[in-house]
Amino acid sequence: MPDTPTPAGNAPRGNELLQLVPKAQGLQTIKEFKSDQEVRWCPGCGDYAILAAVQGFLPELGLARENIVFISGIGCSSRFPYYVDTYGMHSIHGRAPAIATGLAVSRPDLSVWVVTGDGDALSIGGNHLIHALRRNVNLKILLFNNRIYGLTKGQYSPTSETGKITKSTPMGSLDTPFNPLSLALGAEASFVARTIDSDRRHLTEVLRAAAAHPGTALVEIYQNCNIFNDGAFDVLKDRRRAEEALVRLEHGKPIRFGCGLSRGVVRNAATGDLDVVAVTPENEDDVLVHDVHAASPVTAFALSRLADSETLQHTPVGVFRSVRRPVYDLEMAGQLDTAVRTRGPGDLSALLAGGDTWTAAG
């Protein structure tokens with residue numbers, strides 16, 4: 001394990017954008033972020049590709065390894081902290097965002113990352129996830145979505161498509177699946193993105209954007225489970241089919257895709273929804289220009305609903321939204337400083353024995 005975490009010292013407070021984590025001495029390499037633990041996922045699992053991308057990206061942060069923390073819940077993805085040579089914690093089912101929140105608000109000198117899965121985050125952990133997002137705690141959440149419960153051997157998950165036949169739904173799932181990005185945007189998330197396990201370049205670009213964002217960043221990663229849900233995202237990975245299925249979002253650029261960028265996304269004047277159209281000289285000016293910094297989440301939400309949940313046609317990837325909001329841990333630190341300046345240091349004993357307590361007669 002790395003050395004003892006470096007304290008932040010007297011950190012600035014309030015709304016200031018902080019970079020509290022101490023810089024590493026000298027350039028670190030991918031090798032330094034690989035732990036000595038044997039990586040134990042099924043051969044061919046998409047988690048290997050994500051792990052390699054994250055380990056390759058971490059040196060770019062320029063941070064001391066002892067000031068980076070990975071916290072996970074339960075599931076295949078949640079083995080992640082064992083394999084990255086930083087500090088980390090394999091916690092309990094669904095509770096990683098809550099534990100990470102406590103760490104982030106008490107140790108602003110740490111760069112805190114949460115690794116979770118569609119079952120861990122969106123089932124038992126659903127409330128913890130949405131409250132971390134709405135509070136805008138300084139966390140980076142990587143949500144691996146393989147649309148199945150892998151660790152427990154193939155039950156349907158909160159993102160499994162309706163009609164999915166699994167060990168726990170032998171006649172097909174009756175549930176309407178969660179759309180993780182729609183859920184995040186509805187919870188007022190300030191940064192929302194999606195990428196794919198096998199596209200290392202795109203995954204790394206999204207990780208960079210998430211790491212630079214002040215507050216909570218949610219990154220959904222489509223991840224293949226080749227044992228229990230193999231090929232779930234093949235249409236997005238096959239080069240020929242992906243050209244027509246993937247919508248690559250880039251800030252400031254028209255939302256166009258397909259062979260020769262022949263298709264585009266426009267707003268339906270009658271309904272306000274988004275439509276995919278063949279681009280012509282007559283409608284070219286109607287194609288939406290992507291704005292990740294738009295104050296309203298309406299368009300980002302509509303983009304999150306663009307894909308067909310069954311066929312994955314018209315699936316947007318990239319950063320959907322990135323806006324500035326007050327960061328919870330910094331706001332809380334500002335309140336604490338104000339309380340100390342105006343009321344003096346707190347007295348825990350006085351609080352415990354205050355007017356709302358009593359002693360029972362023996």
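Colleague: How many salt bridges does a search of the whole structure find?

Modeller: The search returns 13 salt bridges. The model is a predicted one.

Colleague: What makes Arg-107 and Asp-109 a salt bridge?

Modeller: The closest N and O atoms of Arg-107 and Asp-109 are 2.7 Å apart. The cut-off is 4 Å between a side-chain nitrogen of Lys or Arg and a carboxyl oxygen of Asp or Glu, so the pair qualifies.

Colleague: Are the two partners, Arg-107 and Asp-109, buried, partly exposed or exposed?

Modeller: Asp-109 has a relative accessible area of 2% and is therefore buried, the limit for that class being under 20%. Arg-107 has 26% relative accessibility, so this residue counts as partly exposed.

Colleague: Where in the chain do the partners Arg-248 and Asp-199 lie?

Modeller: Their side chains meet in a salt bridge at 3.2 Å, N to O. Arg-248 is in strand S7 (residues 246-248), whereas Asp-199 is in the loop between strand S5 (191-196) and helix H7 (200-212). Arg-248 counts as partly exposed, at 40% relative accessibility.

Colleague: Why is the pair of Glu-284 and Arg-256 said to tie together parts of the chain?

Modeller: The salt bridge itself has its closest N and O atoms 3.1 Å apart. Glu-284 lies in the loop between strand S10 (274-278) and helix H9 (298-304), and Arg-256 lies in strand S8 (residues 256-257), so the pair ties together parts that are 28 residues apart in sequence. Glu-284, at 40% relative accessibility, counts as partly exposed, and Arg-256, at 22%, also counts as partly exposed.

Colleague: Which residues do salt bridges with shared partners join into one network?

Modeller: Arg-147, Glu-161 and Lys-164 are joined in this way.

Colleague: Let us turn to the aromatic rings. Why is the pair of Trp-41 and Tyr-48 called edge-to-face?

Modeller: The count of aromatic pairs comes to nine. In the pair of Trp-41 and Tyr-48, the ring centres are 5.5 Å apart and the planes stand at 85°. The centres must lie within 6.5 Å and the planes over 60 degrees apart, so the pair is edge-to-face. Trp-41 is buried, with a relative accessible area of 8%, while Tyr-48 is partly exposed, at 30%.

Colleague: What makes the pair of Tyr-222 and Phe-233 stacked?

Modeller: The centres of Tyr-222 and Phe-233 are 4.3 Å apart, with 10° between the planes. Planes under 30 degrees apart count as stacked, and the pair therefore belongs to that class. Tyr-222 lies in strand S6 (residues 217-222) and Phe-233 in the loop between S6 and helix H8 (239-245), so the pair ties together parts that are 11 residues apart in sequence. Both residues are buried.

Colleague: Which residues form one aromatic cluster?

Modeller: The cluster consists of Trp-41, Tyr-48, Phe-57, Phe-70, Phe-80, Tyr-82, Tyr-83, Trp-113 and Phe-144.

Colleague: How do you know that Asn-145 is buried?

Modeller: Its relative accessible area is 2%. The class requires a value under 20%, so Asn-145 is buried. This residue belongs to strand S4 (residues 140-145). Leaving aside residues up to four places away in sequence, Asn-145 touches Asp-118, Thr-159, Pro-180, Glu-220, Ile-221, Tyr-222, Gln-223 and Phe-233. Among them are both members of the stacked pair, Tyr-222 and Phe-233.

Colleague: Finally, the chain as a whole. Why is the chain called as compact as a globular protein of its length?

Modeller: The chain has 11 helices and 11 strands. Its radius of gyration is 22 Å, close to the 21 Å given by the globule rule for 362 residues, so the chain is as compact as a globular protein of that length. The C-alpha trace spans about 75 × 55 × 45 Å along its principal axes.

Colleague: What share of the residues is buried?

Modeller: Buried residues make up 47% of the 362 residues. The accessible surface of the chain is about 17,900 Å², and 53% of that surface belongs to carbon and sulfur atoms. Of the contacts with a separation of 6 or more, 68% are between residues 24 or more positions apart.

Key
Residues numbered from 1 in each chain as written. Predicted model: local features only at pLDDT ≥ 70, side-chain atom pairs only at ≥ 80, totals over all residues. Heavy atoms only, no water. Phe/Tyr/Trp six-rings, centres within 6.5 Å; stacked < 30°, edge-to-face > 60°. Buried < 20%, exposed > 50% of the residue type's maximum accessible area, 1.4 Å probe, protein only. Helix = DSSP H or I, 4+ residues; strand = E, 2+ residues; numbered from the N terminus. Rg over C-alpha atoms; globule rule 2.2 N^0.38 Å. Contact = heavy atoms within 4.5 Å. Areas by Shrake-Rupley, 256 points an atom, 1.4 Å probe, with all protein chains shown as cover.
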